[in-house]
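This report examines the pockets of one protein and the surroundings of its ligand. The sequence and the structure are shown first.

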Amino acid sequence: MAEAKSGRDIIRGLLDPASIGRRARVEGWVRTRRTGKDFTFLEVNDGSSLANLQVVADASLPGYSEIPHITTGSSVIVSGTIVESQGKGQAVEMQAEVVTAVQTAAPDFPLQKKRHGFEFLREISHLRVRSNTFGAVFRVRNAMFFIVHEYFQKRGFICLQAPVITASDAEGAGEMFRVTTLDSERGSGSPGGGDGAGGGEDFFGRKASLTVSGQLEAEIFAHAFHDVYSFGPTFRAENSNTSRHAAEFWMIEPEMAFCDLAGNRRLAEDFIKTIVAGTLERCGADMAFFDQRIEPGLLDKLDRLLASDFETVTYTEAVAMLEASGENFEYPVGWGLDLQSEHERYLTEKKIGRPTFVIDYPKEIKAFYMRLNDDGRTVAAMDLLVPGVGEIIGGSQREEREDALRARMAEMQIPLDEYWWYLELRKYGSVPHSGFGLGFDRALMYFTGMSNIRDVVPFPRTPGHVEF
Ligand code: 4AD
Ligand code: MG
């Protein structure tokens, strides 16, 4: 490789013993400084890897007197030669020739050497990205983002960008954030002006909201492109203050024409396994860090996931398992009742011990678009439950029969006229089709062992929290 003089070198690429003898220039932030009698050690991190580059600055360097004053958190540019490290803990280090402090951080920089609680770090989301844990989290998140697109692109899926603002409630659960230009305080808005009570026009002339899912639009695309996916932000105004719910989260939603529930399950399992394998390959050091510091046994768990088949049980079987469990659940169990998180976790963690699809739920507890099974009581739904997190995927085969869909929507009091286009898909070239939504943030929790969704989302939005 040519010597890098003008551009910067990425630290991750320098840590390999193969770079010994290279001259390099790095730009980054100081994690720690130790000053001895004749030299100063700086640990420099540029976000490219968990490991820092150890920089050794000899007291004989011109301008050395500044270096012992460089604080943790300072931004620096360092040039020098990569040499074999004499110390333990790293294979290589940089023998500095020039050290420039771009800005010396104030001494109260909050991320000092000691370990901080995640709750405290959430309050400093503008700085927590410079810690080991959050560096690892967001590198893995980045790798997953890439692998998701790669997975679908390699298989010929077309990516659609579903709208963020929409008039339809794809889940029919009424958990939408309103989008409006009407000012409820002053009773007027723009454009259009007027006031809500006085009949003024809102921007779209009708009720609009932030999307809860791109599924309905993905179904449209699937009827033209066969296999499609949407991967974008989705929003839910659920007031649930749990470790697994965010008001804004990302969802990956594949939708496939000419595909039934079994095909849907196969894709979901293959997809999850591919993301896990790809993440382990791209982010080995970060994943080893999670195994050591966050969830002991994580790597074994993921190896087992790759090596074994996911389980499938029907909702009816799941309820029977819960009833026979002898567990003292907080929420009641019974056919027709929705599974609560404690039930999901019992099934996948204690009873089955691996990722489990629960299929064929009672129609009353699932969304209007799911295909009615021949028993007339259940729908072709599939939730994927995983140990530690619970539900990470919700999906189904869709109701492709116009009459059955109309009947179901009427039963659920969904205004048919607002979904005229959704119904028309069933009139012109309708086809059995299926899809699912994988919660990107929940998947990241599962793959890293991070136990709170607030710690895998860059800037989490939850009830009462919209800072940063
Ligand atoms: O099960 P859900 O509600 O399914 C749908 O929205 C379907 N329209 C998807 C489809 O078939 N195309 O949500 C799908 C997944 C959940 O399994 C969960 O992983 C995640 O989205 N999810 C949330 N993640 C974080 N915070 C929330 N509030 C979430 N709500 C759902
Ligand atoms: Mg769900």
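## The second largest pocket

Strand β1 contributes the most residues, five, to the lining of the second largest pocket. Strands and helices here are DSSP runs numbered from the N terminus, with at least two residues (E) for a strand and at least four (H or I) for a helix. At least two lining residues each are supplied by β1 (23-35), β3 (53-58), α2 (118-123), α3 (132-154) and α6 (284-294).

A pocket is defined on a 1 Å grid over the protein atoms alone, as an open set of points where a 1.4 Å probe fits, with protein on both sides within 12 Å along at least five of seven lines; lining residues have an atom within 4 Å of a point. The volume of the second largest pocket is about 920 Å³. This pocket is lined by 34 residues, and R31, L50, N52, K113 and N132 are the closest to its centre. A volume is the space filled by probe spheres set on the grid points, which are joined across faces, edges and corners.

## Basis of the model

The model is predicted: local features need pLDDT of at least 70, side-chain atom pairs count only at pLDDT 80 or more, and totals for chains, interfaces and linings use all residues. Residues are numbered from 1 along each chain as its sequence is written, chains are lettered from A and ligands numbered from 1 in the order in which they are written, and side-chain values use heavy atoms, with hydrogens and water left out.

## The largest pocket

The largest pocket holds about 1300 Å³ of space. Its lining has 48 residues, with R236, E238, H245, D338 and E391 nearest the centre. Strand β17 gives the most to this lining, five residues.

## The shell around ligand 1

Which residues come nearest to ligand 1? Of the 24 residues around the ligand, they are E171, Q215, E238, E253 and E391; a residue is near a molecule if one of its heavy atoms lies within 4 Å of it. Strand β17 (390-397) also supplies the largest share of this shell, five residues.

Polar contacts are pairs of N or O atoms within 3.5 Å. A polar side-chain atom of E391 is 2.6 Å from an oxygen atom of ligand 1, and a backbone N or O atom of G439 is 3.3 Å from an oxygen atom of the ligand. Taken alone, ligand 1 exposes 630 Å², of which the protein buries 94%; accessible areas come from the Shrake-Rupley method with a 1.4 Å probe.

How values were computed:
A polar contact is a pair of N or O atoms within 3.5 Å; within protein, one must be able to donate a hydrogen and the other to accept it, and residues adjacent in sequence count only if both atoms are side-chain atoms.
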